[in-house]
Amino acid sequence: MRKTLLAEFTARPGSEERVAELVREYSARVREEPGNLVFEAYTKESSALEYRIFEVGPGTSG
């Protein structure tokens with residue numbers, strides 16, 4: 001069974017550029033993981049501080 005994750009967080013004001021950089025770096029690493037099916041990071045159009053991360057990957061058996 002696949003596992004799906006939806007994470008939401010808000011960056012602190014003034015840290016927008018650093019958080020965006022970290023999310024880009026992390027996204028690239030996760031997309032390279034074996035079995036990763038989907039990894040998408042979004043910000044709200046009305047607020048670049050609010051993030052949504054959606055991931056679909058393999059589940060565990062057993």
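Tutor: Begin with the order of the elements. From the N terminus on, they run β-α-β-β. That comes to one helix and three strands. Keep in mind that this is a predicted model.

Student: What span does the C-alpha trace of the protein have along its principal axes?

Tutor: The trace spans about 45 × 20 × 15 Å. The accessible surface comes to about 4900 Å², and 51% of this belongs to carbon and sulfur atoms.

Student: How many residues does the protein have, and what share of them count as buried?

Tutor: There are 62 residues, and 24% of them count as buried. A residue is called buried when its relative accessible area is under 20%. Take Ser 27, found in helix α1, which covers residues 16–31. Its relative accessibility is 3%, so Ser 27 counts as buried. Leaving out residues up to four places away in sequence, Ser 27 touches Phe 39 and Ala 41.

Student: Is Pro 13 buried or exposed?

Tutor: Exposed means over 50% relative accessible area. Pro 13 has 69%, so it is exposed. Pro 13 lies in the loop between β1 (3–10) and α1.

Student: How do I read the separation of two residues in sequence against their distance in space?

Tutor: Compare the two numbers for a pair. Pro 13 and Ala 48 are 35 residues apart in sequence, and their C-alpha atoms are 9.6 Å apart in space. For Gly 59 and Arg 2, the separation along the chain is 57 residues and the C-alpha distance is 4.4 Å. Gly 59 is found in the segment after β3 (47–57). Apart from neighbours within four places in sequence, Gly 59 is in contact with Met 1, Arg 2 and Lys 3. For the protein as a whole, take the contacts with a separation of 6 or more: 54% of them come from residues 24 or more positions apart.

Student: Which residues form a nonpolar patch on the surface?

Tutor: Leu 6, Tyr 42 and Phe 54 form it, with about 310 Å² of accessible area together. Tyr 42 lies in strand β2, residues 38–44. Its relative accessibility is 44%, so Tyr 42 counts as partly exposed.

Student: Now the charges. How far apart are the mean positions of the positive and negative charges?

Tutor: There are 9 positive and 11 negative charges, and their mean positions are 4 Å apart. For single pairs, look at salt bridges. A salt bridge needs a side-chain nitrogen of Lys or Arg within 4 Å of a carboxyl oxygen of Asp or Glu. The structure holds five.

Student: Where do Glu 21 and Arg 18 lie?

Tutor: Both lie in helix α1, three residues apart, which is about one turn of the helix. Glu 21 is partly exposed at 32% relative accessible area, and Arg 18 is partly exposed at 44%.

Student: Which other side chains meet in this way?

Tutor: Among them are Glu 40 and Arg 31, at 3.8 Å, N to O. Another pair is Lys 44 and Glu 50, at 3.6 Å. Lys 44 is partly exposed, with 35% relative accessible area, and Glu 50 is partly exposed at 22%.

Student: Which residues are linked in a network of salt bridges?

Tutor: Glu 8, Lys 44, Glu 50 and Arg 52 are linked in one.

Notes: Residues are numbered from 1 along each chain as its sequence is written. This is a predicted model: local features need pLDDT of at least 70, side-chain atom pairs count only at pLDDT 80 or more; totals for chains, interfaces and linings use all residues. Side-chain values use heavy atoms; hydrogens and water are left out. Helices (H or I, at least four residues) and strands (E, at least two) are DSSP runs, numbered from the N terminus. Buried means under 20% relative accessible area, exposed over 50%, partly exposed in between (1.4 Å probe, protein chains only). Contact means heavy atoms within 4.5 Å. Accessible areas come from the Shrake-Rupley method with a 1.4 Å probe; for residues, only the protein chains shown count as cover. Lys and Arg count as positive and Asp and Glu as negative; His and the chain ends are not counted. The place of a charge is taken as NZ of Lys, CZ of Arg, CG of Asp or CD of Glu. Patches are made of residues with over 30% relative accessible area and no salt bridge: like charges are joined within 9 Å, nonpolar side chains (Val, Leu, Ile, Met, Phe, Trp, Tyr) within 5 Å.
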